[in-house]
Amino acid sequence: MANVILLAHTPNPEHTVAAAAKLCYSSSNINDLNDSLTDEKAASFVEMLSEIGHESPIEHASFTFGIEGVSRSLLAQITRHRMASFSVKSQRYVREGSFCYVTPPEIAEDPEAKKIYDEIMAEDQEKYDRLAAILKEKHIKTFLAEGKDEKTATRLAEKKAIEDARFVLPNACETQMVMTMNARSLMNFFKVRCCSRAQWEIRDVANQMLALVSEVAPNLFKNAGPSCVRGGCSEGKMSCGKPLEMREFYKELKKNG
């Protein structure tokens, strides 16, 4: 299953946000922004921004996550969040030997479905390896004919072979990534991906991320989560109809980390 860690973040994120907000609402100059800015005053600034809906100052705090044990299917979803930076394990440069894969819970719970699923994954691995071997042999001959030495020809052929062989790999194939978002983008991410209507895998990742950032910036992410955490549900007739349960769940998640 997914494993998420917080690799780095803006030092004193709530103070950074508060300093930016202070510049907007006071006569302080740049050199005085942090003067007398206690934890309590920083929290007050952050709360004020949340109440009035002034979101631009929170963009000055950023958070970098390491994410592993997730599928290429999740990768396709998470990279739709454009205000983020991603570094992802490349199937073009890294050979998938005995690749790991993510199994959806509904499949894992059904023995017959799990058996079929595992068989398909094994077949994909076999086809990938066979394709890579065929292409590698072909490319070695080509590079040798071009005058490359054997070591160089083998290295170049390996890369070129797996570049095309990867097309048979499934969405279930595991990947790893490093992702950075500022706090404003995270708020939007949590609103969409913590919702009970979000796909199970990305919701799990979002919940882990929210728990992590809540530890280092509790006031900043006090109201983060699906829209029902602080107001009405935005899903209309598709609502799960459980706002009280959702609020309690995210209250505990942020408290326990």
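Trainee: Which residues in α7 meet residues in α8?

Mentor: Leu186, Phe189, Phe190 and Arg193 are the residues in α7, and in α8 they meet Ile202, Arg203, Ala206, Met209, Leu210 and Val213, where contact means heavy atoms within 4.5 Å. By class, eight of the residues in this contact of α7 with α8 are nonpolar, none is polar and two are charged (Ala, Val, Leu, Ile, Met, Phe, Trp, Tyr, Cys and Pro count as nonpolar, Asp, Glu, Lys and Arg as charged, and the others, Gly among them, as polar). This is a predicted model, in which local features need pLDDT of at least 70 and side-chain atom pairs count only at pLDDT 80 or more, while totals for chains, interfaces and linings use all residues. Residues are numbered from 1 along each chain as its sequence is written, and side-chain values use heavy atoms, with hydrogens and water left out.

Trainee: At what angle do the axes of α7 and α8 cross?

Mentor: Axes are lines fitted to C-alpha atoms, for helices over the stretch in contact, with angles from 0 to 180 degrees between N-to-C directions. Those of α7 (residues 183-193) and α8 (residues 200-216) cross at roughly 135 degrees and come within 9 Å, and the two helices are therefore oblique to each other (under 35 degrees is roughly parallel, over 145 roughly antiparallel, 65 to 115 roughly perpendicular, the rest oblique).

Trainee: Which residues in α8 meet α9?

Mentor: Arg203, Asn207, Leu210, Ala211 and Ser214 in α8 meet Met246, Phe249, Tyr250, Leu253 and Lys254 in α9, and this contact has six nonpolar, two polar and two charged residues. The axes of α8 and α9 (residues 243-256) come within 8 Å and cross at roughly 50 degrees, so this pair is oblique as well.

Trainee: How many helices and strands are there in the protein?

Mentor: Helices (H or I, at least four residues) and strands (E, at least two) are DSSP runs, numbered from the N terminus, and the protein has nine helices and four strands. Its radius of gyration, taken over C-alpha atoms, is 24 Å, well over the 18 Å that the globule rule gives for 257 residues, so the protein is more spread out than a compact globule; that rule is 2.2 Å times the number of residues to the power 0.38.

Trainee: Where does Asn12 lie?

Mentor: Most residues other than glycine have a negative phi. Asn12, although not a glycine, has a positive phi of about 45 degrees, and it lies in the loop between β1 (3-9) and α1 (13-25). Asn12 is exposed, with a relative accessible area of 54% (exposed means over 50%, buried under 20%, partly exposed in between, with a 1.4 Å probe and protein chains only).
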